[in-house]
Amino acid sequence: MIGVIQRIDFIPELKSELLTGPLIGYLGDKFGLKTVIILGCLLSSVVVGGCFFAEDIVTITILWGVAFGKNVI
């Protein structure tokens, strides 16, 4: 039963990686990998910084999901 629970938890992560991978590859080809990586770092820094000012756990969960591509909603 524990293996099934771990497998179900893995599916949303795999789905988000499979959906965003080609998009990031396309953006990397179009604008350059260095630019895409810098913009991704800046975006995640701003969102994680926003978690500091969040007043409840729901806001933190949504911001964290946006920053790291997890399906939280």
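UniProt, in an unreviewed entry, places a "transmembrane region" at residues 31-54; such annotations may be inferred rather than shown by experiment. The model examined here is predicted, with local features requiring pLDDT of at least 70 and side-chain atom pairs pLDDT 80 or more, while totals for chains, interfaces and linings use all residues. Residues are numbered from 1 along each chain as its sequence is written, and side-chain values use heavy atoms, leaving out hydrogens and water. Over residues 31-54 the chain is 88% helix and 0% strand, with the end C-alpha atoms 33 Å apart. Helices here are DSSP runs of H or I with at least four residues, and strands are runs of E with at least two, numbered from the N terminus.

Helix α2 (residues 33-52) and helix α3 (residues 57-68) have axes that come within 9 Å and cross at roughly 170 degrees. The pair is therefore roughly antiparallel, a label given to angles over 145 degrees, where axes are lines fitted to C-alpha atoms over the stretch in contact and angles run from 0 to 180 degrees between N-to-C directions. In contact (heavy atoms within 4.5 Å) are Val47, Val48, Gly50 and Cys51 of α2 with Ile60, Leu63, Trp64, Ala67 and Phe68 of α3. Eight of these residues are nonpolar, one is polar and none is charged; Ala, Val, Leu, Ile, Met, Phe, Trp, Tyr, Cys and Pro count as nonpolar, Asp, Glu, Lys and Arg as charged, and the others, Gly among them, as polar.

The count of aromatic pairs comes to one, with ring centres required to lie within 6.5 Å. Phe52 and Phe53 form this pair, at 5.1 Å centre to centre and 85 degrees between the planes, an edge-to-face arrangement (planes over 60 degrees apart). Phe52 counts as exposed at 68% relative accessibility, and Phe53 counts as exposed at 64%, the cut-off being over 50% with a 1.4 Å probe and protein chains only.

How values were computed: Parallel < 35°, antiparallel > 145°, perpendicular 65-115°, else oblique. Phe/Tyr/Trp six-rings, centres within 6.5 Å; stacked < 30°, edge-to-face > 60°. Buried < 20%, exposed > 50% of the residue type's maximum accessible area, 1.4 Å probe, protein only.
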